[in-house]
Each structure stands twice: as C-alpha cells, then as structure tokens.
Amino acid sequence: MIVIGGEALVDLVPDPSTADGELGPLHPRLGGGPYNVAIALGRLGIPAAFFARLSTDQFGDKLFERLVSSNVDVELVQRGPEPTTLAVVGLAEDGSARYSFHTEGTAARFVADRPLPERTTAVCLGTLGMVLEPGASVYEKVLFREAEHGRFIALDPNIRADLITDADAYRARFASWLPSVGLLKVSDDDAEWLAGDRDVLAAARDWQRRGPAAVVLTRGADGLTAVTGDGEPVTVPGVRAQVADTIGAGDTVQAALLAWLHRHDALSADAVRALDGAQWEQALGFAAAAAAVTVSRPGAEPPWANELSW
C-alpha cells in the first residue's frame, strides 16, 4: 500500500463564464496536492491510504466521503473541529492557476504522528504538508523514519512561495530530505524557485546525485523529463487536451508515476535505478496521458483506471 501524507483543502474556483474584470461566483472544489494524489491512486486501482487531519465541518465531511468513494483507505485519517483550509484560485486565460491560501488554525496543520500499517511499501509527501507547522515537522519525522525502515519515499514539494516565510531555510530543509527520497517530482516553476540562480537541469542532476533514484520534471504542455543519473535525460511530450484548467495536473502525474511503478513491481530505489530509457518513456507517457484527462475537466478530477491505456 502507498500512504500519502499532506493537506486536504477546498479550492474556491471562479466561474469560467464570469466576464473579465468582474467578480463572479466561486465554486468549491475538493483538493490539496497530497489529497489529489491519494484520490488519483485510488481511482487507478492502486492500494492507497490518506494520512492527514480533516475538519469535522461540512467541507471535511465531503473530503472524507470522496476518499471513500475513490477507493482510498481512511484508517489513518484524523478528524478535528478546526476549519478546513481554503485556497482561492485565480485562473489565467490558458487555464493555469494561482492560489491565495487561508491556513491559519486549520485542520491540516494539526496532524498527529501515527505508526503506518505493516503493508505500507511507499510513502508520498509534499506541498503544504511540508510547510505548515506543526504538521510539517510530523511529516518530516515520518519521511526520515520510514526511509530508515526501507520504505520508498516519493516527494513533490509543490512550492507555494507565499506561505514560505524563510526561503533559504526551506531550501536547506529540502536538501536535508533528499538522501531519504526515492522519487522527486518537481514542476519547472518549483525547480526554478528551488534552484535559485542555477540552471534547472543542472540543479535536477545535483538533487538526483544527493539521493533520489530519479527526478521527474513536469513542464506543462511541453511534457515530462526524467533525470536518472549521468546519462541523457528521458523526455516525452505532453498529451494534447482541451484545457479546462490545470488544477491537479501535477498531482495526477505523481500518482500516475507511482501507479506505474506499483504495477511494474518497481516501488524501490534500486528498481527505479534499474529502469531503462524505454521503460521511462512508458512511465512518463502514462503520466502525461493521465494528466491530460485531469486538465480537460474543471477542478482536480483525476481519471479512473478504465479511462487510460495501461
């Protein structure tokens, strides 16, 4: 089973029919990077559990119900009276999203540590879960502990710069995670922020040498690139789609990569290092196809297994 840790929240997404310059209705969409990964894995038929704290408010109830209906194990889900985290979404003409977060005192911050089930083979962490304290320190502890226990660690930092009060401290913390990480997935924007003045591909190679068996860069419609060592990176193009918005696209990529690795019995650092170029093309192509389904629908609506070719 893959355990996904991190925040669940509600995206408040503007009505696409609203005229430019006018404030229109905001539609609630269930989301949060790690939550989207868990939903996508469950829909793809991969044994997955969500490890987080949800509110007992109406939004929290709906978040919980969607986990269950998407075949996600909820034994690690905690509930509490704190409100649900909110993200107000702004959409550009190309469907790309920017976010304004309301996180103070919300349930996502207060996750408590729990022992993971014995059947856990991999742990996936990221986004606000690795930023918002005190929960971030809990997930960091889980990352180091489960890596020491030999479990495969996947990380998607999914940078939300407005919520990072000390960029240098976060970059140092990120570097400390790398020796424990098996798969690092970063968007091109995240990579640029993390790399600072360095070339993104050079930075990805440096991150890969520090620990991860692979670093996967997502570049929107331009596709995906896997950096796996000293050889040439493997790149596949994006899959064309009619874009409703890009919410959840990167989360779907992360889930699809983990699903592909699970289906090919490759959820270990050694197995990932052993993948050849053709296998990486298959894995990245599958992830690109999954993301194309997500961007074709409003909000984070990852595909079900029967919508993809395995």
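Mentor: Helix 3 (residues 135-148) has 14 residues and spans 20 Å from its first C-alpha to its last, close to the 20 Å expected at 1.5 Å a residue, the expected span being 1.5 Å times one less than the number of residues. Helices (H or I, at least four residues) and strands (E, at least two) are DSSP runs, numbered from the N terminus. This is a predicted model, in which local features need pLDDT of at least 70 and side-chain atom pairs count only at pLDDT 80 or more, while totals for chains, interfaces and linings use all residues. Residues are numbered from 1 along each chain as its sequence is written, and side-chain values use heavy atoms, with hydrogens and water left out.

Trainee: Which residues of helix 3 are buried, and what covers them?

Mentor: Buried means under 20% relative accessible area, exposed over 50%, and partly exposed in between (1.4 Å probe, protein chains only). In helix 3 the buried residues are Gly135, Ala136, Val138, Tyr139, Glu140, Val142, Leu143 and Glu146, and their cover includes strand 9 (122-126) and helix 4 (167-177).

Trainee: Is glycine 182 buried or exposed?

Mentor: Glycine 182 counts as buried because its relative accessibility is 6%. Leaving aside neighbours within four places in sequence, glycine 182 is in contact (heavy atoms within 4.5 Å) with Phe152, Ile153, Pro212, Ala213 and Ala214.

Trainee: Which residues have the most contacts inside the largest nonpolar core?

Mentor: A nonpolar core is a set of buried Ala, Val, Leu, Ile, Met, Phe, Trp, Tyr and Cys residues joined through side-chain atoms within 4.5 Å. The largest has 93 residues, and Leu41, Phe50, Trp207 and Trp280 have the most contacts inside it; helix 9 (residues 277-295) gives the most to this core, with nine residues.
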